[in-house]
Amino acid sequence: MASENTTVNKIVEVLDSKKATDIEVLNVSSLTTMTDYFIIATGNNDRLTRALCDNVEEELEKTGVSVTNKEGYRSGDWILLGFDEVVVHIFMPEARNFYNLEH
């Protein structure tokens, strides 16, 4: 799952170390001009999805990368974190199955 993009690699590392499951990295640069990568991950409950979000934000701040957009944190079903060239989607299992972004 290694990428040429260091931000992508750091996010995947953080998500994996904090018990996210089914982590997928999609290069969407040829499909949209809004971002280059989608990272999709699953947390088993709303507390875990929020914790994953918090950890990604904290660890990227340490490297000088700040979140530009955050949505869905309160409900925790689907949290979206936007960075310059990466969008992170952290889902609970039911929401991930419903939205099926990989397809």
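**A walk around helix H1**

Modeller: Happy to! The buried residues of H1 are covered by, among others, strand E1 (21-27), strand E2 (37-42), helix H2 (46-62) and strand E5 (86-91). Please keep in mind that this is a predicted model.

Now for H1 itself. Helix H1 runs over residues 6-17, which makes 12 residues. From first C-alpha to last, H1 reaches 16 Å, close to the 16 Å expected at 1.5 Å a residue. Its buried residues are Thr7, Val8, Ile11, Val12, Val14 and Leu15. These six lie on the same side of H1, because the arc they cover around the axis is only 165°. In general, an α-helix has 3.6 residues a turn, so residues three or four places apart point the same way. If you turn to the face of H1 that looks away from the buried side, you will find the exposed residues Thr6 and Asp16.

The two ends deserve a glance as well. At the N-terminal end, asparagine 5 caps H1, with a side-chain oxygen 2.8 Å from the backbone nitrogen of threonine 7. Just after H1, lysine 19 takes a positive phi of about 80°.

From here, let us follow the covering elements. Threonine 35 counts as buried because its relative accessibility is 5%, under the 20% cut-off. Its side chain reaches the backbone oxygen of glutamate 85 at 3.0 Å. A polar atom of the threonine 35 side chain also lies 3.3 Å from the backbone nitrogen of valine 86. Leaving aside neighbours within four places in sequence, threonine 35 is in contact with Val28, Ser29, Glu85, Val86 and Val87.

Aspartate 46 and arginine 50 meet in one, at 3.3 Å from N to O. Both residues lie in H2, 4 residues apart, or about one turn of the helix. Aspartate 46 is partly exposed at 30% relative accessible area, whereas arginine 50 is buried at 19%. Further along, glutamate 59 forms a salt bridge with lysine 62, where the closest N and O atoms are 3.0 Å apart. Glutamate 59 and lysine 62 are 3 residues apart in H2, so about one helical turn separates them. Lysine 62 counts as exposed, at 65% relative accessibility.

Conventions:
Residues are numbered from 1 along each chain as its sequence is written. This is a predicted model: local features need pLDDT of at least 70, side-chain atom pairs count only at pLDDT 80 or more; totals for chains, interfaces and linings use all residues. Side-chain values use heavy atoms; hydrogens and water are left out. Helices (H or I, at least four residues) and strands (E, at least two) are DSSP runs, numbered from the N terminus. The expected span of a helix is 1.5 Å times one less than its number of residues. Buried means under 20% relative accessible area, exposed over 50%, partly exposed in between (1.4 Å probe, protein chains only). The arc is that of the directions from the helix axis to the C-beta atoms. Contact means heavy atoms within 4.5 Å. A polar contact is a pair of N or O atoms within 3.5 Å; within protein, one must be able to donate a hydrogen and the other to accept it, and residues adjacent in sequence count only if both atoms are side-chain atoms. A salt bridge is a side-chain nitrogen of Lys or Arg within 4 Å of a carboxyl oxygen of Asp or Glu.
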